[in-house]
Amino acid sequence: MRRSGTDLKNAVLRHFAVAGLVIGLALLIGPGAVFAQSGTPAPDAGKPPAANAADATKDNQRKTDEFVEASQAINGPAGNPECVWLGRRVVRLMWLDDLDTAFRHLDLYDRFGCPGGHVQATFRCLTRFGGQIDPKVAETLSSRIHACWINPGAQPQAAVAANPAAPATAGNAAAAPAASPSPAPSASPAPAK
């Protein structure tokens with residue numbers, strides 16, 4: 001009899017020990033997991049909430065103005081707001097070498113009926129201005145992408161000064177090859193037959 005009492009006591013103690021271990025682990029891991037998955041960002045310590053709201057309002061107004069500018073400057077679907085938004089994202093992702101995400105966005109861009117050639121021309125324009133983009137300042141990339149979206153045929157000032165006769169091509173149009181001069185008429189008359 002004595003033996004069954006100790007077995008029962010040991011079984012109960014083991015049960016409590018396992019339960020205590022599980023609860024202890026849950027307490028150790030639980031709050032860390034909750035804080036790690038929290039979706040609310042910490043507010044900016046340096047700015048009051050009113051300044052954050054004013055910045056957000058300014059940013060939204062700037063984006064709206066850019067969409068209006070694009071729709072007025074570009075005829076056709078490349079000026080539609082959804083094409084402008086998706087197309088500029090594709091170009092940005094390509095510039096940042098995130099090609100997998102860029103191709104997924106490009107699928108959406110095509111699905112909205114937006115012209116793929118405009119993305120190509122904008123990226124070509126962006127590569128021409130690559131030396132003028134400061135990687136530490138995100139706004140230089142955004143403004144250059146927008147400027148190239150509006151005018152894909154833009155040239156850097158140094159390139160324009162070096163070759164002033166080079167015409168800028170617009171959007172999807174390819175540069176026409178230069179016409180070869182026709183041969184000059186010969187001074188001697190053609191022999192009679």
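These notebook entries follow what I looked up in a predicted model of one protein chain.

**Ground rules**

I count residues from 1 along each chain as its sequence is written, and my side-chain values use heavy atoms, with hydrogens and water left out. Since I am reading a predicted model, local features need pLDDT of at least 70 and side-chain atom pairs count only at pLDDT 80 or more, while totals for chains, interfaces and linings use all residues.

**The whole chain**

I looked up the secondary structure and found seven helices and zero strands, where helices (H or I, at least four residues) and strands (E, at least two) are DSSP runs numbered from the N terminus. Along the sequence the pattern reads α-α-α-α-α-α-α.

I then looked up burial: buried residues (under 20% relative accessible area, with exposed meaning over 50% and partly exposed in between, for a 1.4 Å probe and protein chains only) make up 19% of the 193 residues. The accessible surface, from the Shrake-Rupley method with a 1.4 Å probe, comes to about 14,100 Å², and 62% of that belongs to carbon and sulfur atoms.

For contacts, meaning heavy atoms within 4.5 Å, I noted that residues 24 or more positions apart account for 59% of those with a separation of 6 or more.

Two packed helices are described by the angle between their axes and the distance between the axes. The axes are lines fitted to C-alpha atoms, for helices over the stretch in contact, and the angles run from 0 to 180 degrees between N-to-C directions.

Helix α3 (residues 81–95) packs with helix α4 (residues 99–111) at about 160 degrees, the axes lying 8 Å apart. The two are therefore roughly antiparallel (over 145 degrees; under 35 is roughly parallel, 65 to 115 roughly perpendicular and the rest oblique). I recorded the crossing of α3 and α4 as left-handed, which is the term if the near helix is turned anticlockwise from the far one by less than a right angle, with right-handed used if clockwise.

On the α3 side the contact is made by C83, L86, G87, R89, V90, L93 and M94, and on the α4 side by L99, T101, A102, H105, L106, L108 and Y109. Sorted by class, these are 10 nonpolar, three polar and one charged residues, with Ala, Val, Leu, Ile, Met, Phe, Trp, Tyr, Cys and Pro counted as nonpolar, Asp, Glu, Lys and Arg as charged, and the others, Gly among them, as polar.

I also checked the loop between α3 and α4, where D97 lies. Phi of D97 is near 65 degrees, a positive value in a residue other than glycine, and D97 is exposed at 65% relative accessible area.

**α3 against α5**

Next I looked up α3 with α5, which pack at about 45 degrees with axes 10 Å apart, and that makes α3 oblique to α5. The contact joins G87, V90, V91, M94 and W95 of α3 to V119, T122, F123, L126 and T127 of α5, and by class it has seven nonpolar, three polar and no charged residues.

**α5 against α6**

Helix α5 (residues 116–128) and helix α6 (residues 138–150) pack at about 130 degrees, with axes 9 Å apart, so α5 is oblique to α6. Their crossing is right-handed.

My last entry is A147 in helix α6, which counts as partly exposed at 30% relative accessibility. The C-alpha atoms of A147 and L126 are separated by 9.0 Å, although these residues are 21 apart along the chain.
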